[in-house]
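Take a short walk through this structure.

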Amino acid sequence: SELRLARHAIEAHVGAPCQFLAYPHGDTNSLVSAMAAKLGFAAAFTRRAGDNPFFADRYGIHRTPVDSRVNSEQFAKRLTTIIPADLN
């Protein structure tokens, strides 16, 4: 009920559908992820650092933290893909 009530509160406040979930403190487990899917969230985000390949679980998407301690070089490195690809 916490996920459902929070979603309704957000939708009422912003006047638009809430499609995504950021897990509180980035913590989740298989039950919470299943509930997010059942409630119709399109995807959900953890706070675990890491890559998100195309086949990753959309209810366990990793986020890359960026704050004032991250300089522009570190930021660029975090945006770099694992496998270089020529998209031309």
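**From the surface to the core**

Leu79 sits in the segment after α3, the helix of residues 72–78. This is a predicted model. Is Leu79 buried or exposed? Its relative accessibility is 57%, and exposed means over 50%, so Leu79 counts as exposed. Together with Val66 and Phe75, Leu79 forms a nonpolar patch on the surface. The accessible area of these three residues together is about 290 Å².

Helix α1 runs over residues 2–14, which makes 13 residues. From its first C-alpha to its last, α1 reaches 18 Å. That is close to the 18 Å expected at 1.5 Å a residue. Just after α1 comes Gly15, with a positive phi of about 70°.

His25 has a positive phi too, about 60°, although His25 is not a glycine. Most residues other than glycine have a negative phi. Where is His25? The loop between β1 (20–22) and α2 (30–38) holds His25. With a relative accessibility of 68%, His25 counts as exposed.

Next, look inside. Which residues make up the largest nonpolar core? There are 7 in all: Cys18, Leu21, Tyr23, Ala36, Phe41, Ala44 and Tyr59. Follow Tyr59 from here. Neighbours within four places in sequence are left aside, and Tyr59 is then in contact with Tyr23, Ala36, Phe41 and Ala44, among others. Those others include Ser33, Ala37, Ala42 and Ala43.

Conventions: Residues numbered from 1 in each chain as written. Predicted model: local features only at pLDDT ≥ 70, side-chain atom pairs only at ≥ 80, totals over all residues. Heavy atoms only, no water. Helix = DSSP H or I, 4+ residues; strand = E, 2+ residues; numbered from the N terminus. Expected span 1.5 Å × (residues − 1). Buried < 20%, exposed > 50% of the residue type's maximum accessible area, 1.4 Å probe, protein only. Core = buried A, V, L, I, M, F, W, Y, C linked by side-chain atoms within 4.5 Å. Contact = heavy atoms within 4.5 Å. Patch = residues over 30% accessible without salt bridge, like charges linked within 9 Å, V, L, I, M, F, W, Y side chains within 5 Å. Areas by Shrake-Rupley, 256 points an atom, 1.4 Å probe, with all protein chains shown as cover. Salt bridge = Lys/Arg side-chain N within 4 Å of Asp/Glu carboxyl O.
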